[in-house]
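Please open the model in your viewer and keep the selection tool at hand. The stops below say what to select next and what is there.

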Amino acid sequence: MKTRRDFIKISALGTAGVAIAAGSISKVKASSLFSFDEKKPLDDSKFERTPTYCEVCFWKCAGWTYSTTDGDITKIIGNETDPHCNGRLCPRGTGGVGMFHDKDRLKTPLIRVRKEDGKSVFKEASWDEALDLVASKMKAIADKHGPESMALFNHGSSGKHFGHLLKAYGSKNIVAPSYAQCRGPREVGFTATFGAGVGSPEPTDIRDTKCMVLIGSHLGENMHNGQVQEMSDAIDRGACIITVDPRYSTAASKSKFWLPIKPATDLALLLAWIHVIIYEELYDKKYVEQFGFGFDQLKEHVKNMTPEWAYGITTIKPDVIRKTAKEMGNASPATIIHPGRHATWYGDDTQRSRAIAILNGLLGSWGRRGGFYFKESFSLPHYPTPEYPKTDWGWKETLNGKYPLAGLSVSNALIDASIPENNHKHQIKGWIVSGTNLPLTMPDTETLVKAMDALEFMVVCDTMPMEITGYADVVLPECTYLERFDDIRSSPHREPNIALRAPAAKPKYDSKPAWWIAKQLSNKLDLGHFFPWDNYSEVIDWQLQELGSSLDEMMVIGVKKFERESGGLYLRDGEDYEFNTNSGKIEFYSSDLAALGFDPMPKYTKHPEPPSGYYRLIYGRAPMHTFSRTANNQNMVDLMDKNKVWINPKIAKIWGLENGQEVWLENQDGVVSSSPINVRITERIRWDSIYMVHGFGHSNKQLTKAFRKGASDSELITNVMVDPIMGGTGMRGNFVTFLTEDPGKENEA
Ligand code: SF4
């Protein structure tokens, strides 16, 4: 079906790129998933060293970029003093240089034009022309519908600059899919319990833990650098790792216990663990007595949730449930039930995260050595700019009274509010999209496309011709993180610390930094007074001076640590402490959830099973890739160029499948993967599930290294179970079967 916003191939992309920098990734070992970059001495006299922090994933490790005097970037290494990485970048971090060299990068602004035959094409434009168009469309939307009708979808550092612009323009509809499609439920679940979310990086005290439980969290494949390093050390020290996963993940292979749970039953296992820990008195009695609220109700609630009860649901044997609960209890309080990261599974995800938080509370882990430490961050001084205008409505109004505990804006709700037929009182009419490839990020592609088709205007700013650019009216080429200043990184950790990102080279082609783009737009929107700087380095220098440092100093050291001001990392024995909950205690019984009519304590609900001949679709991460954003990076492609579908040998036999064979996946709603995927037959996955790495199956030909490499899980996720508490999209309720013949689908974008 042709729509107003039909997908356009970006075909007129300026000059050819330069070759990939020699030797940038060949020095990275891919053989061990726990390996990091090798630090090779460099002859400093031949290179310039510029501080940066990595943008390949959200962990934001600080490092040094090495560039030649003629502006070529050759290598990135970790900054020794950075607590996020301790001087060691992961394979993706060192491979980040591939983003700079990628010849498929967006090179010049593009504007959608209609040809006589009705088809849309992109034409190259000057920055002035493109930004004039963006500003005029934004003005028109503000005049016609109010500025609140513009929304920003963003991920990564650039979003901050567009966020500032949008707030100055008069809209607070700013959203990142990393909330409702990823970590939102755990933030709400932990906040309901401890009065504090987990945040990023997670304050898990893995370096001193004696027992860590990973439930659907595959550290080592989701390469959260500092955590993985600490986990490696903890394993060497003999810490007990318990991994719950239907798949024998890398973490499972390093664990004392692997519990290959039946998918969708994790909450039953967590409740059975709570039962054992309470009824076998393995909990931290003194801690629970001092800090707990609702313990008696919880005890009564889980009375019948015995390991025998859970066995029938989870397929995990009662003695294994008891044994693992004892391991946790014996190690208490140096026990971590890891909160995980991507927590949007089945729509009851806040409650599952609550169960995880409750277990940690019972074991006395919060605020204790080897459990969770009290993190501290630095508030950056606010560069003086005018107050933002007041808005008539914001993202909360787009929720239509649903998802009462959503702490941040909900992308799926903003998408729904962009579809006129949904008759939202508050409608979104225009999008700015910065650094997020929504077609491979959001579930339910059909709804997403419907929303984009209805928009009056959409501008996309990205470094690469991601699928989202094909739906834009205007495409703005952003330079990579290695070519720009961004905000100072100030993240919570054991010690407050800051890190600087400065450009190591001039932006390639006609790409520009987001701060520059936002500033130019502000001038065209008569909002220049919100951007009273010529170069963003002025803002950074001003903030640093306020903190007693300077840009000059940070260019030399890259990372600066500060003394803690809020007290110790852990609770002291007998210390009085008030949690930020209604009761001031750790709420095993959530007064907030009860007041809102939700279950105050988590309950297990049975989720639908796969129909006959279908298998549950499970997706995850690979250590050398970050979602779809790295699939075209030559350095990462060298390590892994496509995903495969993991299939249990029993199922492969039934279907007559062979290793390496191409299949197409068809989901329960008849949606077939646009591209085929190779079979990997392995005992490492349960018979009732299949597994694939997320982020592959790109459909845009201009991503020459990623085009049709593997299949996209996102397009197969059409059944979405929304968490009624905070709006997160549960995405693990989809089932697929195999097509061994090419369905002949016309997929080429
Ligand atoms: Fe970069 Fe790896 Fe650190 Fe992520 S974990 S920020 S990809 S070095």
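Select Ser689, which is found in strand E24 (residues 689-693); helices (H or I, at least four residues) and strands (E, at least two) are DSSP runs, numbered from the N terminus. Ser689 has 1% relative accessibility and therefore counts as buried, a term that means under 20% relative accessible area, with exposed over 50% and partly exposed in between (1.4 Å probe, protein chains only). Leaving aside residues up to four places away in sequence, Ser689 touches Pro263, Tyr615, Arg616, Ile618 and Trp646, where contact means heavy atoms within 4.5 Å.

This is a predicted model, in which local features need pLDDT of at least 70 and side-chain atom pairs count only at pLDDT 80 or more, whereas totals for chains, interfaces and linings use all residues. Residues are numbered from 1 along each chain as its sequence is written, and side-chain values use heavy atoms, with hydrogens and water left out.

Next, select helix H17 (residues 536-546), where Tyr536, Ser537, Val539, Ile540, Gln543 and Leu544 are buried. They cover an arc of only 155° around the axis, which puts them on the same side of H17; the arc is that of the directions from the helix axis to the C-beta atoms. Show also helix H4 (158-169), strand E17 (497-499), helix H16 (514-524) and helix H18 (551-557), against which the buried residues of H17 pack. At the start of H17, a side-chain oxygen of Asn535 comes to within 2.9 Å of the backbone nitrogen of Ser537. Finally, select Gly548, which follows H17 and has a positive phi, near 85°.

Methods
A polar contact is a pair of N or O atoms within 3.5 Å; within protein, one must be able to donate a hydrogen and the other to accept it, and residues adjacent in sequence count only if both atoms are side-chain atoms.
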